[in-house]
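Please read the following alongside the sequence and the coordinates.

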Amino acid sequence: MKKPKVIVLRTAGTNCDNETACAFRMAGGDAELVHINELARQEKSLKDFQILAIPGGFTYGDDIASGKILANEIKYKLNEDLKNFINSGKLVIGICNGFQVLVKAGILPGINAGSIEATLSFNDSGSFIDKWTLLRVTGHELRVTKCVWTRGIPGDIYLPIAHGEGKFIPRDKTVLSQLKKNNQIVFKYADNPNGSIDDIAGICDTTGRVLGMMPHPERHVLGTQHPRWTREGLKERGDGFAIFKNGIDYIKEKL
Amino acid sequence: MVNNVEWKIEIRNRKGVFDPLGNGIKKNIKDLDISGVRHVNVSQVFIISGDITESDAKRIAGELLADPITEEYILYHERRSTNNERRIVEIAYNPGVMDPVEESARKAIRDMGIYGVKSLKTERKYIIEGNITDEDFKNICEKLLYNKVIQHVAISHKPKTASLGGGYKFKLVTVDIIGADDKKLMKISKSGQLFLNLREMREIKKYFRKLGKNPTDCELETIAQTWSEHCNHKTFRGIIEYKEEGKTRIIDNLLKNTIMKVTNELKKPWCVSVFKDNAGIIRFDEDDNICFKVETHNHPSALEPYGGAGTGIGGVIRDILGVGMAAKPIMNTDVFCFGLPDTPRKKVPKGMLHPKRIMKGVVSGVRDYGNRMGIPTANGAVLFDERYTGNPLVYCGTVGIMPKDKSFKSARKGDLIVAVGGRTGRDGIHGATFSSGELTHESETVSGGAVQIGNPITEKKLTDTLLKARDRNLYTAITDCGAGGFSSAVGEMGQELGAEVDLEKAPLKYQGLSYTEIWISEAQERMILSVPRENLKELMSVFKKEDVEAVVLGCFASNKRLKLRYNGNVVCDLDMGFLHDGVPRFERKAVWSKTIHAEPKKKSANNFTRDLMKILSSWNVASKEWVIRQYDHEVQGQSVLKPLVGIKNDGPGDASVIRPKFSSKKGIIISNGINPRYGLVDPYWMAASSIDEALRQIIAVGGSLNKTALLDNFCWGNTDKPDRLGSLVRASMGCYAIAKAYGVPFISGKDSLNNEYSVHGESIAIPGTLLISAISVMDDVTKAITMDMKEEGNLIYVIGETKDEMGGSHYNLINNSVGNNAPRVDAVKGLKIFKKMSEAAGQGLLRACHDCSEGGIAAALAEMAFSGGFGADIRLKEAPCDVKRNNVILFSESNTRFIAEVRKENRKKFENHMKGVSMGMIGRVTGKKDLVIYGLNGEKVIDAGIDELKEAWQKPLRW
């Protein structure tokens, strides 16, 4: 079978593109780094890919607000293509800055298409934090995981965060309760590092195929990336690997 | 007809939204001892002008600038109101200072289909509520909210931009130098901020007299840049008459006779390029080489900490981009020296910022630049001493990796000179010469232009595209525009060829720059390439694809002349030979004599728990977690040992390890050694100790000396003064002796002299500060070791001899003295210890390992215990030490010592392996969470809970 094709979207200020592509390759994907100009100028097409990854970084310096300028660009230049991409059953993952982009472009949570229902704002501490956090994969105990990216992941996973604007804020109580009702909350922090409402670290859209998360799964695919591997023993794979594997396996099965 | 309207859009938080920025400022106001502030609100102001309708302005504000969930916008004509309860101030950038948001915000507005924007400026608006006086308000503004070096209070509705718009009318300026007497020569040097001395000015006069003409301003500036200490290292390469203990010797080129001599004599086959390029290059594996450079950015950081540190890191990254044919930056290291954070305000010299503000500014500058560049800042150190109050030190280092065949470059005759990256502005004029002079209280006004704000995204774009162009072999040479701007970059690349440049071709940030300003501007994020004509089209398309500007400025010649034109007028025509070799060599006197310091008072008490706590709480030893967490130290996914380790990820790791390739176990270890306090006793042993420290950290994490190289970074006072130069010479001699004996070569280095601050005519020098940075190739990163104690019942060893070497120690520091026996290095024994420990790590015999440095064995044990979450029972009488004094064994900072944790079952194997090395099994790891140390007579000399010790260590810098 052909390897699922992953587009890792980059632009000025993207900086987790290489390791994200690497993680997908380790999981059996064929990952390609593509600059947004190549899409906008139609030198490349989203149609040729099955997974879209928007990696971490500081796109356009996070000027104005984190992820805002890329979100704006996607809205004006790629809106239809991206909608078609999602509607055709393909997968999207936004990590850190990529999550901020998806939220600010109105793609996540996506309860009412196109409207901005949440934001990611400054950490309560007011500054950038690089720290490892324990994440609860919500719903796993009830086996109701809606998100295709986290299927079969048991209980907790350990991933680092590295952001200054990671505080998840839903527009209002209605949005929050809908997120819960729809099982769209994918990850919760065990020890909330940034003040996110309801400890939310990652959410998916109503289809479960579009995932956005602040922590970095691509920074924990190798055993040596764990901050305590010298104490706890060296594992072959890190906790984040399963997310990439799920994405690739899903495409292999379905498409 | 095109309208030109100005819209002012204020973006503020919605009611009820928590504002962490305002909250942070409120906290900082409290630090200023100003009470009464109830609330601080920060909002962002955008001033947009152009052909913009009101509905466009509303779209921009509502859809782009304001977050629909947390913020709201106001589009209005401001009425400024001030009363005692609510004060408002708006801070704008000074004309000429880069506003990083401008470019990206304008792009976003274009993306929306709105094309009429002609200018976009941002301001910060602060609303301070509470009962404070006018004086308080002024203090808050000046001490916290803005820095007049780069910003001003926007008084009128219109921001202060008008003065930049003016055009420039060409007029060739010459400087009358051939008719000038000595007094006049020095006046020219001083008023032109050339920082050239009389001998140099005379030499220039002689040269132009021979030519029978006066130099243009541009020619004189070019010479000053090229001859600056910053670019030329005149002191290290000069002739020094050195006197020590009555004996005098002549040192002809200190660099060649010490630092470079080590490398030349060791002749390591894996050293690829040393002391030639921007950075030293060593072999990594069959395919790639790695390079390492550490720079200093002291003076700009003193005046504008945020911008200074940011451009410092930006600059050293460009150094790496400019090594060979360009390397990919993969890791940053930063070392800072500040005044004491609790310095009383009235003790801060006039014109200087408070050390705490400098530190916060520097840390956020490095954070915002390094994080945005996507380069992990994974190693560093922060030191404090009151003598850094007027002159902080900011060392920024970067490691790069490059394919083997991209390690060398050479521009060819006829190649085009292409500038890529950022545009040229009036920022950073005279940085190279400014950094070669002393700071005074006037520096902020005279040299403010030398300080800039960087734009990391411009540099990130440049990095991404440059590496693509490199891999397609589109250019023959590359140099960064650092100090001296185009002047240094083109001058350096064309040294053997000659170059012709048309200055009007340089893309400018705004109009109005003179030809000389274009030539010497140190505007950030620019590189120069030499491009064969046939590659130009392809090269341009690589940059254009990702919106990076590239422009042909001229070409390399073959006549060894530097010829500059402005719209066809020749403004500079210099002989490369004179420019690069014409600088008269320095002849200087240097003296070193030992200073006798007071010894600490003998104490009768035999309980040292309090001393240990004090050492752990001392500024230098205390946890730097507040700093480290603000840096992204894991981007690129390569980290193997992070700066913080242990059961709660918060213990002080010895060195950082990264694996640059996911598919390979080969790694890179980076460490640093710095201890200016030993230099107060003897700079020779300070240098020796710094080398030992950097190397033992490499060993402590499981590395070896086999493929280990060093960088030297000297930050010294004014070396025109014989005592300052004498200590520099002595430190250099220490570098030679110990590096040679350990068999580790220097591959690159840097010196920053004139680190003095004058107050009322009296000059205060920093302590001579030598940073030794080490880089080492590790064959298998899965053999790496951390310093945290790991399992109850394991045995604890001390390796290496403890001597009565308390001079410059932290024990003496907390007892208010310096002392006289600085730690020495016995490299013969040391080498054996390093080798044995490295082998033990390779065989998996070490469960934990930590080097002994500040605070000696006691501090090392405490750190290992609280990082691991275990206690330990320790008996001092088992530690190898000739001096039978508890405080010496506990706190002496003798070199080449380790504490190792070994599993019981490995005891025999480990002890057999270590035969021939001084070592003692001093105790074991316990589950009791107490560190208990028994003295020579079996009495308890330290008894403390590990949580208590950890709190002492974490509290001081938990900001």
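Chain B is divided by its domain assignment into domain 1 (5-164), domain 2 (182-235) and domain 3 (785-959); such bounds come from an automatic or database domain assignment. Between the C-alpha centres of domain 1 of chain B and domain 2 of chain B there are 44 Å. The model is predicted, so local features need pLDDT of at least 70 and side-chain atom pairs count only at pLDDT 80 or more, while totals for chains, interfaces and linings use all residues. Residues are numbered from 1 along each chain as its sequence is written, and chains are lettered from A and ligands numbered from 1 in the order in which they are written.

Helices and strands are named here as DSSP runs (H or I of at least four residues for helices, E of at least two for strands), numbered from the N terminus. Helix 6 of chain B (residues 198-211) has 14 residues. From its first C-alpha to its last, helix 6 of chain B reaches 20 Å, close to the 20 Å expected at 1.5 Å a residue, where the expected span is 1.5 Å times one less than the number of residues. Its buried residues are B:Glu200, B:Met201, B:Ile204, B:Lys205 and B:Phe208. A residue is buried if 20 or more other C-beta atoms lie within 10 Å of its own, exposed if 12 or fewer, and partly exposed in between, with C-beta atoms placed from the backbone. Just after helix 6 of chain B comes B:Gly212, with a positive phi of about 75°.

The next region is built from strands, which pair if DSSP finds at least two bridges between them. Strand 7 (residues 239-244) of chain B pairs with strand 8 (residues 247-252) of chain B in the antiparallel sense, over six bridges. The two form a hairpin with two residues between them, and B:Glu245 in the turn has a positive phi of about 45°. Strand 7 of chain B also pairs with strand 23 (residues 587-592) of chain B, here in the parallel sense and over six bridges. B:Ile240 can be followed to both neighbours: its bridge partner in strand 8 of chain B is B:Ile251, and in strand 23 of chain B it is B:Arg588.

Strand 34 (residues 795-799) of chain B is mostly covered, with four of its five residues buried. Five bridges join strand 34 of chain B to strand 37 (residues 898-902) of chain B, and the two run antiparallel. B:Val798 has B:Ile899 as its bridge partner in strand 37 of chain B. Strand 34 of chain B pairs with strand 38 (residues 919-926) of chain B in the antiparallel sense as well, over five bridges, and there the bridge partner of B:Ile799 is B:Met919.

B:Asn298 is found in helix 12 (residues 298-303) of chain B and counts as buried because it has 23 C-beta neighbours inside 10 Å. Leaving out residues up to four places away in sequence, B:Asn298 touches residues including B:Asn391, B:Pro392, B:Cys715 and B:Ser752; two residues are in contact if their C-beta atoms, placed from the backbone, lie within 7 Å. B:Arg412 is in the loop between strand 14 (393-403) and strand 15 (416-421) of chain B. With 13 C-beta neighbours inside 10 Å, B:Arg412 counts as partly exposed. B:Arg412 touches B:Thr476 and B:Phe556, again not counting residues up to four places away in sequence.

Finally, the two chains meet: 49 residues of chain A are in contact with 53 residues of chain B. Helix 3 of chain A gives the largest share of the side of chain A that touches chain B, five residues. Helix 3 of chain A is itself mostly covered, as seven of its ten residues are buried. Its cover includes helix 4 (79-87) of chain A and, from chain B, helix 2 (54-65) and helix 3 (100-111).
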